[in-house]
Amino acid sequence: MSHVILFVDDEPEVLGLLRRAFPAQDGYEALGASHGDEALRILADRRIDLLVTDQRMPRMTGVELIERARRLQPDLCAILLT
């Protein structure tokens with residue numbers, strides 16, 4: 001069973017780098033979202049083991065995203081990148 005990690009960053013290069021760091025062959029399913037609203041849609045549809053989000057993004061900060069994400073998945077583990 002793979003661990004599902006959701007990476008959220010508004011910079012495509014950073015998002016791609018983070019996703020490539022956790023390949024499927026190592027037991028990870030790395031998902032990506034370019035903003036908080038997209039991440040919340042993913043979190044509403046499926047179980048996520050770890051949320052890794054940038055703090056400084058347009059529309060919603062990383063802290064705001066984590067707060068809202070935990071309403072959907074209360075025991076969600078999260079890492080905030082600054």
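**Reading the core and the surface**

Mentor: The largest nonpolar core has 17 residues, and those with the most contacts inside it are Leu-6, Val-8, Leu-43, Ile-48, Leu-51 and Leu-65. Keep in mind throughout that this is a predicted model.

Trainee: Which elements give two or more residues to this core?

Mentor: The general idea is that in soluble globular proteins, nonpolar side chains tend to be buried together. Here the contributing elements are β1 (3–8), β2 (28–33), α2 (36–45) and α3 (62–72), and α2 supplies the largest share, four residues. There is also a second, separate core of six residues, which includes Phe-7, Leu-15, Leu-18 and Ala-30.

Trainee: How should I describe the overall fold, and in what order do the elements of the chain run?

Mentor: Begin with the count, which is three helices and four strands, and then read the order from the N terminus, β-α-β-α-β-α-β. The radius of gyration of the chain is 12 Å, close to the 12 Å that the globule rule gives for 82 residues, so the chain is as compact as a globular protein of that length. Along the principal axes, the C-alpha atoms fill a box of roughly 35 × 30 × 20 Å, and 40% of the 82 residues count as buried. Among contacts between residues at least 6 apart in sequence, 65% join residues at least 24 apart.

Trainee: Is Thr-53 buried or exposed?

Mentor: A residue counts as buried when its relative accessible area is under 20%. Thr-53, which is found in strand β3, has 0% relative accessibility and therefore counts as buried. Beyond four places in sequence, Thr-53 touches Val-8, Gly-62, Leu-65, Ile-66, Ile-79, Leu-80 and Leu-81.

Trainee: Where does Leu-81 lie, and how far is its C-alpha atom from that of Val-8?

Mentor: Leu-81 lies in strand β4 (residues 77–81) and is partly exposed, with a relative accessible area of 29%. Although Leu-81 and Val-8 are 73 residues apart along the chain, their C-alpha atoms are separated by 9.7 Å. Leaving out residues up to four places away in sequence, Leu-81 touches Leu-18, Val-52, Thr-53, Asp-54 and Gln-55.

Trainee: What should I note about the phi of Arg-59?

Mentor: As background, most residues other than glycine have a negative phi. Arg-59 is not a glycine, and yet its phi is positive, about 75 degrees. Arg-59 lies in the loop between β3 (50–54) and α3, where it is exposed, with a relative accessible area of 66%.

Trainee: Which loop holds Arg-46, and what does Arg-46 touch beyond four places in sequence?

Mentor: Arg-46 belongs to the loop between α2 and β3, and at 32% relative accessibility it counts as partly exposed. With that sequence limit, Arg-46 touches Val-4, Glu-29, Leu-31 and Gln-73. Arg-46 and Ile-79, 33 residues apart in sequence, are 18 Å apart from C-alpha to C-alpha.

Trainee: How many positive and negative side chains does the chain have?

Mentor: The chain has 10 positive and 14 negative side chains, and the centres of the two sets lie 3 Å apart. As for the surface, the chain exposes about 5,000 Å², of which carbon and sulfur atoms supply 52%.

Notes:
Residues numbered from 1 in each chain as written. Predicted model: local features only at pLDDT ≥ 70, side-chain atom pairs only at ≥ 80, totals over all residues. Heavy atoms only, no water. Rg over C-alpha atoms; globule rule 2.2 N^0.38 Å. Buried < 20%, exposed > 50% of the residue type's maximum accessible area, 1.4 Å probe, protein only. Contact = heavy atoms within 4.5 Å. Areas by Shrake-Rupley, 256 points an atom, 1.4 Å probe, with all protein chains shown as cover. Lys, Arg positive; Asp, Glu negative; His and termini not counted. Charge placed at Lys NZ, Arg CZ, Asp CG, Glu CD. Core = buried A, V, L, I, M, F, W, Y, C linked by side-chain atoms within 4.5 Å.
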